[in-house]
Amino acid sequence: MFLLPSHGKSPASVLFYKKMEPYNLEAYLEKFYSQYPPSRQRPVVGLTANHSDIDATLRERYYQQVVAAGGTPVILPPVSDTDVLSGMLDTLDALVLTGGGDFDPRWLNESFLSDKVKVNPVRDLPELLLIRLAFNRQIPMLGICRGMQALAVALGGSIVQDIAENDTRQGIERHPAISHDQQEERTVPTHTVKLAAGSTLARLYGDEVQANSFHHQAVGSVGSRFTVTATAEDGIIEGMESSECKPILGVQWHPEWLGEQGLPIFQWLVRQADVFRQAKALHQTTLTLDTHCDTPMFFPQGINFSQRDPRILVDLQKMTEGRLDAVTMVAYLPQPKPGETFQQKVAFPVSGPKDYANLIFDKIETIIEGNRPYLALARSAAQLHANKAAGKKSIVLGIENGLALEGRVENVEYFARRGVTYITLCHNGDNDICDSARGTQTHGGVSPLGAEIIREMNRCGVMVDLSHAAESSFYDALELSSQPIVCSHSNCISLCNHPRNLTDDQLLQLALHGGVAHTTLYAGFLRQAGEANIFDAVAHLEHAIKIMGIDHVGLGTDFDGDGGVKGIADASEAINFTIQLLKRRYSEADIRKIWGENWLRLMRQIQSNKA
């Protein structure tokens, strides 16, 4: 063995080779090509560069720790061009926000409160943009020292400009033995950090960790997107983690200088990056379909589908960020109560329910026409796959509440020709077709008219959707329909006792009749107490799989119809569902079924059997 000359570098940066001549390039290449594939694919981890005078720099300890953790480091220059930033992020599986100079307080609408603040203006804007874009794309992130402060500034928190001067103004007395700007070597831990039980940091280190410290700014508040998970004995925030079930972590100390003791944080990041990399690759080749969203409910507000519109949970930008290929966008028709007219329930002037559904579909088609290079209508599984191959997102049409048929069987064929793929027979209240889960059992199940409509839907190749239906209506429809039925957005009553959810017997009978039930993200259908999150949604999916089997499940988010929970709050977070499935060791084949293949199988079957 020989040691390649290090030129003063630390041993970790030196290459070791056996039985080689120094400075023999061919020998190194021969080693590289001595196996196939020549190298193992590692997740790519971007590290933000510091900036000094005319140099973009990075201390080697950062990228050494990434390499030691199993990642491929790349150094990101401080560039604020959004096209460049977007291109950078397209190549990354994780992001490390490194330490460095102070943040300019004007980003928080504050004036300078201390002459100790030495800003690095070249870094601020590029890093704030990078964080927000990475956050929207669900990229795992680790912030170190300034990097944690950057996370706070970008995502709703605040910073303390200078700890000492802030303490003087506030009359705060800190622990006298703790210095947050230590004089000891960077490799020496100088104080104890307490870690919150159940946090990622606690899982990595236990109840506490020994930390080094080189800062005079600090995070003042972490905002709503984070939880404080580490504190120094004097109360300074030393660590924060995502409160939204996301792999985002910030630490105030410098684990890159702590060798083996600091390595677990980088190993955690690389593990998250590897799963994210797998999820991205899977979405590249998988048609991802959300079978129920209510975005047209926001049409009266004049939403812009091509922008990242904060008023809606589904738009082109968010679908792209979450790598979601298609949504079934429904015309939702509210059920009038006795004494109400339909026109009193909707924002647009229409003659009746059918006219309203047509108006919604007209508006959807206008959106598609305005975004034709990127968006297309899909009426079939074949069109969905063709749109994905062409690089376009898809909108599929559905009707939520058979009230749109206005009691006329012939309107089923009318809407089938319009491109409607399914009709949810009722909503919250009995109608002339069937009884609702939130109704009064007007018919004792499906009405005689409803039986005719179900048969006509079978004939026209329109899927029969029993979400919102009463149990009596559900079982009647199972017997009446010659084709499998679907529940486009329904959960499991065994996990959340709500009349809108399905019993285990309903799930079983649905599967035995060839149908599917798609888990939805409406919080009230996921859990009865506490705040629902993505883990609750996965629990409902897994219960349905236990009862029905993997061939009968999927996801119908109910985005923009009050669907959306922490971890999968809008379409930009759709890939997080895949990440959870990968972490639970679901195969790629099963994930494809969940994301749309089960639904498309039925769509093909039902459309191919139409008269």
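**Reading helix packing and burial in a predicted model**

Mentor: In this predicted model, helix H14, which covers residues 471-480, has as its buried residues Ser472, Ser473, Phe474, Ala477 and Leu478.

Trainee: What do the buried residues of H14 pack against?

Mentor: They pack against helix H13 (448-460), strand S22 (486-487) and H15. As a general idea, an α-helix has 3.6 residues a turn, so residues three or four places apart point the same way.

Trainee: Which residues are buried in H17, and which elements do they pack against?

Mentor: Helix H17, residues 534-548, has 15 residues and reaches 21 Å from its first C-alpha to its last, close to the 21 Å expected at 1.5 Å a residue. Buried in H17 are Ile534, Asp536, Ala537, Val538, His540, Leu541, His543, Ala544, Ile545 and Met548. The partners of these buried residues include helix H15 (504-512), strand S23 (516-519), helix H18 (574-583) and helix H19 (588-608).

Trainee: How should I read a pair of helices, and at what angle do H2 and H8 pack?

Mentor: Two packed helices are described by the angle between their axes and the distance between the axes. Helix H2 (residues 60-69) and helix H8 (residues 259-285) pack at about 65°, with their axes 8 Å apart, and H2 and H8 are therefore roughly perpendicular to each other. The crossing of H2 and H8 is right-handed. On the H2 side the contact is made by Tyr62, Gln65, Val66, Ala68 and Ala69, and on the H8 side by Gly259, Gly262, Leu263, Phe266, Gln267 and Val270; by class, the residues of this contact of H2 with H8 are 7 nonpolar, 4 polar and no charged.

Trainee: How are H3 and H4 arranged, and at what angle do they pack?

Mentor: Helix H3 (residues 82-91) and helix H4 (residues 121-136) pack at an angle of about 50°, with their axes 10 Å apart, which makes H3 oblique to H4. The crossing of H3 and H4 is right-handed, and Thr82, Leu85 and Leu89 of H3 meet Pro126, Leu129, Leu130, Leu133 and Ala134 of H4. The contact of H3 with H4 holds 7 nonpolar, 1 polar and no charged residues.

Trainee: Turning to a loop, is glycine 339 buried or exposed?

Mentor: Glycine 339, in the loop between strand S17 (326-332) and helix H10 (353-370), has a relative accessible area of 82%, and because the cut-off for exposed is over 50%, glycine 339 is exposed. The C-alpha atoms of glycine 339 and leucine 130, 209 residues apart along the chain, are separated by 54 Å.

Terms used:
Residues numbered from 1 in each chain as written. Predicted model: local features only at pLDDT ≥ 70, side-chain atom pairs only at ≥ 80, totals over all residues. Heavy atoms only, no water. Axes fitted to C-alpha atoms, helices over the stretch in contact; angles between N-to-C directions. Helix = DSSP H or I, 4+ residues; strand = E, 2+ residues; numbered from the N terminus. Parallel < 35°, antiparallel > 145°, perpendicular 65-115°, else oblique. Left-handed = near helix turned anticlockwise from the far one by under 90°. Contact = heavy atoms within 4.5 Å. Nonpolar A, V, L, I, M, F, W, Y, C, P; charged D, E, K, R; others polar. Expected span 1.5 Å × (residues − 1). Buried < 20%, exposed > 50% of the residue type's maximum accessible area, 1.4 Å probe, protein only.
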